[in-house]
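Subject: A structure for you to look at

Hello,

Here is the structure I said I would pass on. Please open it and keep it in view while you read the rest of this email.

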Amino acid sequence: QVPLVESGGGLVHPGGSLRLSCKAPRMIFSVFSPLFMGWYRQAPGKERELVASITPDHVTMNADYVRGRFTISRDNSRKTVWLQMTDLEPEDTAVYYCNALTSDRQPNYNWGQGTQVTVFS
């Protein structure tokens, strides 16, 4: 079973915003709260890449190409991680996934279905 469920994608114009959600409905709090979490994306014909990550104590890191535009956050009590995306560009079009990261920053769980983000003029 895939423990994480993504939602919130959609169709937007350049400059638009979206807020993605990643929930862990079947995890208990004590399992979710210490997880190092990340949002990834995979554009057509490209490798999946890590976009942003957040530690259990809310230290965040973003890829250079989204810095200043995307914000990752979490609420451990709700077992949820968000990705707030602003000033979206056509190059942001991709399927977005969340996952927990291992200590060497590798994805820890099976991938879910992701959520499609399409930015079009």
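Below is what I found in it, starting with how to read the values.

This is a predicted model, in which local features need pLDDT of at least 70 and side-chain atom pairs count only at pLDDT 80 or more, while totals for chains, interfaces and linings use all residues. Residues are numbered from 1 along each chain as its sequence is written, and side-chain values use heavy atoms, with hydrogens and water left out.

The overall picture

The protein chain holds one helix and ten strands; here, helices (H or I, at least four residues) and strands (E, at least two) are DSSP runs, numbered from the N terminus. Read from the N terminus, the order is β-β-β-α-β-β-β-β-β-β-β.

The radius of gyration, taken over C-alpha atoms, is 13 Å. That agrees with a compact globule, because one of 121 residues would have a value near 14 Å; the globule rule is 2.2 Å times the number of residues to the power 0.38. Along its principal axes, the C-alpha trace spans about 45 × 30 × 25 Å.

Of the 121 residues, 46% count as buried. Buried means under 20% relative accessible area, exposed means over 50%, and partly exposed is in between (1.4 Å probe, protein chains only).

Please look for β4, residues 36–42. Is this strand mostly covered or uncovered? It is mostly covered, with six of its seven residues buried.

β4 pairs with two strands; DSSP must find at least two bridges between strands for them to count as a pair. With β9 it runs antiparallel, joined by seven bridges, and Gln 42 has Val 95 in β9 as its bridge partner. With β5 (residues 49–54) it also runs antiparallel, through five bridges, and here Arg 41 stands opposite Glu 49.

β4 and β5 form a hairpin with six residues between them. In the turn, Gly 45 has a positive phi of about 75 degrees.

Two loop residues

Which residues other than glycine have a positive phi? Lys 79 is one of them, at about 50 degrees, and lies in the loop between β7 (70–75) and β8 (80–85). Arg 105 is another, with phi near 65 degrees, and is found in the loop between β9 (94–101) and β10 (115–119). Arg 105 counts as partly exposed because its relative accessibility is 32%.

Happy exploring!
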